[in-house]
Amino acid sequence: MTSQPQNEAQEQLLAATGMSVEFIPVQGELNVGPQHPGSGHMRIFVKLNGDIIEDVDLDVGYVHRTVEKLSENRNYMHLIPLVERPAILDSIHMNLGYIIAVEKILGVDIPERAQYLRSFAAEVNRIASHLYGLGILSIFLGHSTGFMWGFGDREVWVTILEALTGARVTNSYVIPGGVRRDISQEIKDMTLKAISYQRRRLEDWKKIFFYNPSIRARLENVGVMSKENAIKWGAVGPNLRASGVYYDVRKIEPYGAYDKLDFEIPVYKEGDGLARGLVRLEEIEQSMRILEQIIKNIPEGNILSDRFFKQIPPTRLKKYWETYRRIVLPGYYASFRPPKGEAISRVEAGRGELVYYVVSDGSPKPYRLRMITPSYRSIYVFKELCKGSRYADLVSIYGSLDYFPPEADR
């Protein structure tokens, strides 16, 4: 039996050749992954009709950090490096969101200089995270130059974070009441030099990647998510803004020093893979604008709340703070007991809105900790975007969402 043409390409073939072609739709299922470079830790069961995806069944795999359960057996300070593990490429935001929730329960005020430094570290981390995401998207599309550029450019910003926090990956920089280290003139100079370098590279990124006809063919009008669907499916971050939704926690519910900084929120209406990549590229420029303002306008003062700063012994203050501008944690932090209560915090992490819910029962350990990460929300978005797409576009859609497996399976 001769079947009807399955897609526009088949119809064009019939019209051009005038031939009678027998189309036999091939239906079946394919197992994609879980090889790490191609799909992260996710296994994707794809149901196909020809080369059209009818449905996908997602097995997100097990890179489980058990952060939420482990938090019930760790004191509040020991949890800082633990909550950073699900998104080691965006650890400042994971750290910051948790600390803001704890500070709400403690009822502590944060010095203005510390607020600026929190925003500084967060924006450096955002740039590094976006460059990582663009590099991974590049290699998904077979663009090895973009992959090497993404990781090479990211190294510049990781070096700045290392100089500021003393660690390369999980920084543990934000603590209750402030931050651990002050910024030096050397770090400011490093940052300004990095901004000058990155601005030139952004133009190169546009020429070699985003204006590349092969890349545009793989991303443009692929994985289109309408504004209505973006809201309905729970998309966040650059994926949401690429579909025409103006929403960023830094503007809607400011924290850190964002209410004192001037920056724009890039928004595209196309909602395709190209728009999602361009939002991230433009956010890098906006983050650099923020960093320039912080370097210019950061106020003088302490980097830790007086409530905790006064508990540091004078000899340690003289040795570490006055000499190295570093905070030695007071004994209070070893096993403090917040009052009974609960708090919710929200921050705009690299991949979108990150929510923490912390419950204190008055003991040194949280009674309950819940974290809702941006990548967790991207799972359903990915599943819905795949339906009706071509099989060859599966990796394009996956890469454009900047999904990070450990962040979802936290």
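Two strands are taken to pair if DSSP finds at least two bridges between them. The legends below describe a predicted model.

**View 1. Pairing of β6 with β7 in the predicted model.** Strand β6 is joined by nine bridges to β7 (residues 352–360), and these two strands run antiparallel. Within this pair, G341 is located opposite S360 of β7.

**View 2. The open sheet β6-β7-β8.** The sheet is open and consists of three strands in the order β6-β7-β8, with antiparallel pairing. The edge positions are taken by β6 (341–349) and β8 (368–372); each has a single partner strand, so one side of each lacks a neighbour in the sheet. From one strand to the next, the twist averages 10°.

**View 3. Helix α8 and its packing partners.** Helix α8 comprises 26 residues (185–210). From its first C-alpha to its last, α8 reaches 35 Å, close to the 38 Å expected at 1.5 Å a residue. The buried residues of α8 are I187, K188, T191, A194, I195, Q198, R201, L202, W205, F209 and F210. These buried residues pack against four helices: α6 (112–140), α7 (144–165), α9 (213–219) and α13 (273–297).

Terms used. Residues are numbered from 1 along each chain as its sequence is written. This is a predicted model: local features need pLDDT of at least 70, side-chain atom pairs count only at pLDDT 80 or more; totals for chains, interfaces and linings use all residues. Side-chain values use heavy atoms; hydrogens and water are left out. The expected span of a helix is 1.5 Å times one less than its number of residues. Buried means under 20% relative accessible area, exposed over 50%, partly exposed in between (1.4 Å probe, protein chains only). Contact means heavy atoms within 4.5 Å. Axes are lines fitted to C-alpha atoms, for helices over the stretch in contact, and angles run from 0 to 180 degrees between N-to-C directions.
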